[in-house]
Amino acid sequence: MSSNGIQHQLILDGKEVNFSAGETLYEIAERHRKEIPTLCYDPRLDPFGACRLCVVELEGARNPVASCTTKATAGMVVKTQTEPVEKHRKTLLEMVVSENREVEVDPLRGYASQELGKLTDRYQARTGRFQGAQSGQLHATDDNPFIFRDYDLCISCNRCVRVCAEQEGDHAIAAMGRGFHKQITTEFNGLLKDSSCTFCGQCVQTCPTGALADKKALRAAELPEPLQKTRSVCPYCGVGCSVDLLSKGEKLVGIHPAMDGPANEGALCVKGQFAFDFVQHADRLSMPMVRGDDGELHETDWDTALDRAADGFAKVLKKHGRHSIYGIASGRTPSEANYTMQQFIRRGYGTHYIDNCSRA
Ligand code: SF4
Ligand code: SF4
Ligand code: FES
């Protein structure tokens, strides 16, 4: 609905449909469940018009138009699935896949990494039809713990560059050169860790070919169990980003941001995206521990541990007074637990020295 609420009409595949001012042909077609293929499109980003896969026939236009960049106007007559348009899309796809070293990639590479492979299957596109120069250059030696840069698989859709600029506001990567010489790069073509990259992983998750891949998740590529996804909420802070946990058997192997997460719409920070090793780390505490007379920590039950903590608080209070006690509640806990914590510090010890790590 446009801001002034006025609806316009056009003809989409023979039917009159409504649209609001500012909508693109792709947005209207998607709303009417037309299956238009895309590669450079990400609904969170400004339309770019690079791949031309989303072309549709527009009455009166000499050539098919890219639906993701063409704004609708009243009275347009649009066809989304004609034979010439489908042939056009298949040829474009064959040009793209002829250049790539591989098309079927492991889904652990990233959220959107299967897009090119799925379209290749759908159009039965031949991968070796157009032989010629290859663009892109593998950055296998990029020394960082999170992102594999495999530009042999890059199709120059610029989704990574755009998500980094438009969503993350980081501008850590850019496109350099043109045609076969086009390359996604950092400033001075250096390492990602020497750029302004925050390792949020958004470029990985939007890449439609797996050219950018999640290094940590790929470590589980050889595990035989099927890949499973479980919807959850990131435990790190109070924002509450939705995530899909990737697991194989009992093992947590990676994280995908939830593109439909109301708080994050596909975005995560470096912790939410990559810092999940603590879940199954051998050093993770699973029992309360208290220090014994021998100076070492020993496992114990909760009552014993809480009694010991209460004794410790009482001694500190007696010796140093109420302002010697400071509490930090956790962004991982529910509101009720945080409320109880501030009551514990304020009422229990009579001090306002209470904070929450979500503010950090
Ligand atoms: S990880 Fe985030 S900040 Fe780094 S290049 Fe990718 S999108 Fe930009
Ligand atoms: S690295 Fe991936 S997202 Fe970036 S331009 Fe290449 S194919 Fe597109
Ligand atoms: S999706 Fe429209 S040009 Fe790429």
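The centres of domain 1 and domain 3, taken over C-alpha atoms, sit 59 Å apart in what is a predicted model. The protein chain splits into domain 1 (7-81), domain 2 (94-127 + 135-280) and domain 3 (289-359), with bounds that come from an automatic or database domain assignment. Some bookkeeping comes before the details. Residues are numbered from 1 along each chain as its sequence is written, while chains are lettered from A and ligands numbered from 1 in the order in which they are written. Local features need pLDDT of at least 70 and side-chain atom pairs count only at pLDDT 80 or more, whereas totals for chains, interfaces and linings use all residues.

Overall, the protein chain carries nine helices and 17 strands; these are DSSP runs numbered from the N terminus, with helices being H or I of at least four residues and strands being E of at least two. The radius of gyration comes out at 27 Å, well over the 21 Å that the globule rule gives for 360 residues, so the protein chain is more spread out than a compact globule. Here the radius is taken over C-alpha atoms, and the rule is 2.2 Å times the number of residues to the power 0.38. Along the principal axes, the C-alpha atoms fill a box of roughly 85 × 50 × 40 Å. Buried residues account for 31% of the 360 residues, where buried stands for 20 or more other C-beta atoms within 10 Å of a residue's own, exposed for 12 or fewer and partly exposed for anything in between, with C-beta atoms placed from the backbone. Of the contacts in the protein chain with a separation of 6 or more, 59% join residues 24 or more positions apart; a contact here is a pair of residues whose C-beta atoms, placed from the backbone, lie within 7 Å.

Next come the two ligands. Ligand 1 has 13 residues around it, and Cys164, Ala172, Cys197, Cys200 and Cys203 are the closest; a residue is taken as near when its C-beta atom, placed from the backbone, lies within 6 Å of the molecule or strand in question. Helix H4 (159-167) and helix H5 (202-206) each contribute at least two residues to that shell. By class, the shell around ligand 1 holds eight nonpolar, three polar and two charged residues. For these classes, Ala, Val, Leu, Ile, Met, Phe, Trp, Tyr, Cys and Pro are nonpolar, Asp, Glu, Lys and Arg are charged, and the others, Gly among them, are polar.

Just after H4, Gly169 adopts a positive phi of about 70°. With 14 C-beta neighbours inside 10 Å, His171 is partly exposed. Most residues other than glycine have a negative phi. Asp13 also has a positive phi, near 50°, and lies in the loop between strand E1 (7-12) and strand E2 (15-20). Asp13 is partly exposed, since 16 other C-beta atoms lie within 10 Å.

Helix H2 (residues 83-99) has 17 residues and should span 24 Å at 1.5 Å a residue, which agrees with the 25 Å between its end C-alpha atoms; the expected span is 1.5 Å times one less than the number of residues. Arg89, Lys90, Leu93, Val96, Val97 and Glu99 are the buried residues of H2, and strand E3 (55-58) and helix H3 (115-123) are among the elements covering them. Pro84, also in H2, is exposed, with 11 other C-beta atoms within 10 Å. The C-alpha atoms of Pro84 and Val56 are 9.6 Å apart, at a chain separation of 28 residues.

Further along, Trp302 belongs to helix H8 (residues 302-320) and is exposed, with 9 C-beta neighbours inside 10 Å. Between the C-alpha atoms of Trp302 and Pro288, 14 residues apart along the chain, the separation is 6.2 Å. Helix H9 (residues 335-349) runs for 15 residues and reaches 21 Å from first C-alpha to last, close to the expected 21 Å. After H9 comes Gly350, with a positive phi near 70°.

Key:
Contact = placed C-beta atoms within 7 Å.
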